[in-house]
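Here is a short briefing to read alongside the structure. Keep the 3D view open and follow the residues as they come up.

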Amino acid sequence: MNYETIKVETRGRVGLVTFNRPKSMNALSIQMMREVVQALQAFQNDARIGAVVLTGSEKAFAAGADIKEMQGLDFAEALTTDLWAEWEGLGEFRKPTIAAVAGYALGGGCEVALMCDIVIAADNAKFGQPEITLGVIPGMGGTQRLARSIGKAKTMDLCLTGRLMDVQEAERCGLVARIVPATDLVEEALRTADKIANFSLPAVMLAKESVNRAFEVPLSEGLRFERRVFHSLFATEDQSEGMEAFVQKRSPQFKNR
Ligand code: CO8
């Protein structure tokens with residue numbers, strides 16, 4: 001597949017998507033969105049892939065939706081085309097995703113990171129929802145996923161002032177799982193993804209689905225869902241293998257990877 005705005009590679013069982021619009025700080029164009037979603041669909045259908053890393057450059061993970069592309073839209077066009085909705089393909093991707101964030105993750109860039117399951121960030125990463133400075137508001141989860149992730153106080157602060165948050169603050173408030181030196185960022189993300197990709201894929205996918213369920217349903221329903229999923233995993237060969245390997249003090253050889 002020929003991509004113009006992203007680079008797509010595989011490293012063992014891990015898919016790596018690198019945003020590649022350096023002249024515009026990896027601004028998220030419609031073409032880039034479509035290419036990312038297409039690459040993810042290919043990874044979803046590829047049994048050899050168990051996890052995906054999304055990254056940008058050292059300067060920018062992504063500085064938001066492409067302002068130059070959307071500046072001329074009127075309300076009717078924005079509403080009826082709903083162009084950016086295709087990013088939900090990332091939110092709905094079923095295998096685990098890691099955002100490896102260096103530099104700016106602003107607006108849509110921050111929202112894309114939030115659609116990933118784990119955010120690993122370089123020590124130079126900066127996050128923000130500066131849409132208010134453009135006369136608009138976040139449109140891909142910055143008022144919703146961000147509020148669920150870091151709470152009302154910080155989300156209001158970011159969305160209403162447009163200020164940027166450094167990586168230490170982002171880790172303290174729970175947006176970032178780990179901070180690593182910028183030079184190690186992609187390798188650390190790939191190592192983490194590789195670890196996940198070598199567990200039992202059904203268990204990994206159901207763990208992801210169960211955690212995400214916590215943001216959709218009341219606690220009692222979420223607990224019931226988790227319990228049923230836990231029960232169902234006893235139907236897999238990988239459960240037998242995982243527990244047998246523990247008892248026999250050896251490494252498990254999962255079949256459904
Ligand atoms: N869109 C288009 N071009 C961009 C963007 C962007 N988001 N960000 C940077 N660029 C371009 C600049 O225009 C510039 O291009 P040129 O060289 O042709 O002038 C180039 O990238 C380099 O940028 P700067 O010269 O500004 O670099 P600096 O190092 O001075 O500043 C910043 C870097 C701080 C990242 C700065 O570029 C900036 O503030 N960018 C805009 C950030 C922003 O406002 N993001 C939010 C965008 S709106 C959004 O994401 C909404 C998402 C929801 C849409 C979905 C709706 C359903």
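Leaving aside residues up to four places away in sequence, A125 touches V101, A102, G103, M165, D166 and V167. Please keep in mind that this is a predicted model. A125 is found in the loop between β7 (118–122) and β8 (126–128).

**More on A125**
- A125 counts as buried because its relative accessible area is 2%, and buried here means under 20%.

**Q129, in another loop**
- Q129 is found in the loop between β8 and α6 (145–150).
- Is Q129 buried or exposed? Q129 has 0% relative accessibility, so this residue counts as buried.
- With residues up to four places away in sequence not counted, Q129 touches G107, C110, E111, P138, G142, L146, L158, C159 and G162.

**Helix α5**
- Helix α5 covers residues 108–115 and is mostly covered, with eight of its eight residues buried.

**Helix α1**
- Helix α1 runs through residues 30–45, which makes 16 residues.
- From its first C-alpha to its last, α1 reaches 23 Å, close to the 22 Å expected at 1.5 Å a residue.
- Which residues of α1 are buried? They are I30, M32, M33, E35, V36, V37, A39, L40 and F43.
- The cover over the buried residues of α1 includes the strands β1 (6–11), β2 (14–19) and β3 (51–55), along with the helices α2 (67–70) and α4 (88–91).

- β1 and β2, both part of the cover over α1, pair in the antiparallel sense over six bridges.
- Within this pairing, E9 stands opposite L16 in β2.
- The hairpin has two residues between the strands, and G12 takes a positive phi near 60°.

- M25, Y104 and L164 make a nonpolar surface patch of about 230 Å².
- Y104 lies in strand β6, which spans residues 104–106.
- Y104 is partly exposed, because its relative accessible area is 33%, and patch residues need over 30%.

Methods
Residues are numbered from 1 along each chain as its sequence is written. This is a predicted model: local features need pLDDT of at least 70, side-chain atom pairs count only at pLDDT 80 or more; totals for chains, interfaces and linings use all residues. Side-chain values use heavy atoms; hydrogens and water are left out. Helices (H or I, at least four residues) and strands (E, at least two) are DSSP runs, numbered from the N terminus. The expected span of a helix is 1.5 Å times one less than its number of residues. Buried means under 20% relative accessible area, exposed over 50%, partly exposed in between (1.4 Å probe, protein chains only). Contact means heavy atoms within 4.5 Å. Patches are made of residues with over 30% relative accessible area and no salt bridge: like charges are joined within 9 Å, nonpolar side chains (Val, Leu, Ile, Met, Phe, Trp, Tyr) within 5 Å. Accessible areas come from the Shrake-Rupley method with a 1.4 Å probe; for residues, only the protein chains shown count as cover. A salt bridge is a side-chain nitrogen of Lys or Arg within 4 Å of a carboxyl oxygen of Asp or Glu. Two strands pair if DSSP finds at least two bridges between them.
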